[in-house]
Amino acid sequence: MSFPEQRPRRMRRSRAMRRLVAETRLHPADLILPVFVREGLTEPAPISSMPGVVQHSESSLLTAAEEARDLGLGGIMLFGIPATRDPQGSAGLDPEGILNRSIRAVKERVGEDLVVMSDLCLDEFTDHGHCGVIDEDGEVDNDATLELYAEMGVVQAASGADVVAPSGMMDGQVAVIRQALDEAGHQHVPILAYAAKYASGFYGPFREAVDSQLSGDRKQYQMDAPNRTEALREVELDLAEGADMVMVKPASAYLDILSDAVSISDVPVSAYQVSGEYAMIEAAAANGWINRRTVVTESLIAIRRAGATNVLTYYASEVAGWLREEMQGSGTRSADGGHASSAPAPPAPTGSGASPAPAQEPIKPRTAAAPDAPTEPHDPSRTDAGFPPVS
Ligand code: PBG
């Protein structure tokens with residue numbers, strides 16, 4: 001008998017073989033695109049710390065939503081940036097405010113085929129940047145904030161949100177929002193609860209994205225990085241309060257928490273690949289230090305492998321475009337991420353069929369970031385994506 005007896009490498013020899021035995025796959029429907037819409041913009045505005053991501057105008061938001069639909073994404077998550085702010089975050093509760101107005105517009109445009117989700121939090125709307133209102137002692141007032149969340153949830157549901165996503169980490173927020181939705185006749189609107197959301201430095205670029213007014217941090221309400229068991233408690237509480245889906249955030253540095261949450265949750269579990277995770281990949285890729293497409297794909301596969309049902313990621317549309325490209329070019333595309341030449345386009349993966357699929361990339365404008373830094377040797381038997389498309 002030859003040595004070694006066990007040869008796992010047999011199953012890795014060809015791209016086709018690896019595809020056959022892949023334990024985790026990505027699909028456009030697993031991806032949720034977070035988007036920012038800023039009141040008063042006539043053109044999309046770049047976010048310098050998130051190259052390739054923009055603050056949308058109300059009209060470019062609709063274009064992004066249509067693209068997300070045409071690419072077969074699972075959903076879109078809306079964040080609104082108001083023109084004026086106050087201590088209560090009133091613009092977030094105003095049915096005519098930027099977020100609620102945008103929910104209506106997006107829902108009307110793509111709502112048949114794409115799940116329209118809204119961030120339910122006050123931080124974009126308060127002049128102090130906190131996720132709730134401040135009491136006399138200068139602390140975020142949990143219970144006073146809950147009343148506003150309840151109202152905000154109802155306004156968002158009335159505006160057409162398919163899912164509301166409370167991200168403020170107030171105790172009891174899921175229960176209060178559920179009750180308010182039910183009383184207002186929105187029994188059918190699910191809650192995606194940011195259940196285990198950590199006070200994280202990885203949100204840095206998001207602060208620029210939403211023009212955050214925060215000075216200081218959110219450590220009094222978001223979770224503390226060292227804690228693992230406590231995350232289970234947060235998830236259990238949200239499930240008990242009626243969460244229809246739960247989320248772990250950030251994703252990459254918290255894959256243990258994600259895996260734990262999946263093991264105790266009987267509802268879908270989302271993970272949020274946040275702004276800092278995006279920015280780090282972009283920065284390294286722009287320097288030619290990593291292969292952008294390989295790392296983006298690997299980062300998302302890792303989050304799915306840890307158990308996430310779906311992933312919120314700023315890469316959602318771009319990755320969905322890659323997945324489509326690979327389906328089209330199966331067996332013919334080059335190893336360096338180039339386009340397959342002549343394969344016919346498959347039908348659009350979603351819904352109405354009314355909008356033709358975009359023929360090719362680019363999905364969105366990119367900056368100077370080198371798309372394919374030559375950090376890895378050419379090997380024609382492998383795909384950049386490291387995994388196959390699914391049909
Ligand atoms: C709060 C909220 C934040 C993010 C999503 N919702 C910021 C925070 O909690 O400080 C961060 C998302 C990201 O960094 O991509 N409404």
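This is a predicted model: local features need pLDDT of at least 70, side-chain atom pairs count only at pLDDT 80 or more; totals for chains, interfaces and linings use all residues.
Visitor: Which residues are around the ligand?

Guide: Asp-119, Cys-121, Asp-123, Cys-131, Ser-167, Tyr-203, Phe-206, Arg-218, Val-274 and Ser-275.

Visitor: How does that shell divide into nonpolar, polar and charged?

Guide: Five are nonpolar, two are polar and three are charged.

Visitor: Ok, helix α10 next. How many residues does α10 have, and what does it reach end to end?

Guide: α10 covers residues 275–286, so to speak 12 residues. From first C-alpha to last, α10 reaches 16 Å, close to the 16 Å expected at 1.5 Å a residue.

Visitor: Which residues of α10 are buried?

Guide: Ser-275, Gly-276, Glu-277, Tyr-278, Ala-279, Ile-281, Glu-282 and Ala-285. Ser-275 is also one of the residues around the ligand.

Visitor: And what do those buried residues pack against?

Guide: Their partners are α7 (204–209), β9 (269–273) and α11 (292–305).

Visitor: What follows α10?

Guide: Gly-288, with a positive phi near 75°.

Visitor: Switching to β1. Are its faces covered or open?

Guide: Both faces are covered. Leu-31, Leu-33, Val-35 and Val-37 are buried on one side, and Ile-32, Pro-34, Phe-36 and Arg-38 on the other.

Visitor: Which strand pairs with β1 over seven bridges?

Guide: β4 (residues 75–81), in the parallel sense. There, Ile-32 has Gly-75 as its bridge partner.

Visitor: What about β10 and β3?

Guide: β10 pairs with β1 in the parallel sense over two bridges, with Leu-31 opposite Val-311. β3 is also parallel to β1, over two bridges, and Phe-36 partners Gln-55 there.

Methods: Residues are numbered from 1 along each chain as its sequence is written. A residue is near a molecule or strand if its C-beta atom, placed from the backbone, lies within 6 Å of it. Ala, Val, Leu, Ile, Met, Phe, Trp, Tyr, Cys and Pro count as nonpolar, Asp, Glu, Lys and Arg as charged, and the others, Gly among them, as polar. Helices (H or I, at least four residues) and strands (E, at least two) are DSSP runs, numbered from the N terminus. The expected span of a helix is 1.5 Å times one less than its number of residues. A residue is buried if 20 or more other C-beta atoms lie within 10 Å of its own, exposed if 12 or fewer, and partly exposed in between; C-beta atoms are placed from the backbone. Two residues are in contact if their C-beta atoms, placed from the backbone, lie within 7 Å. Two strands pair if DSSP finds at least two bridges between them.
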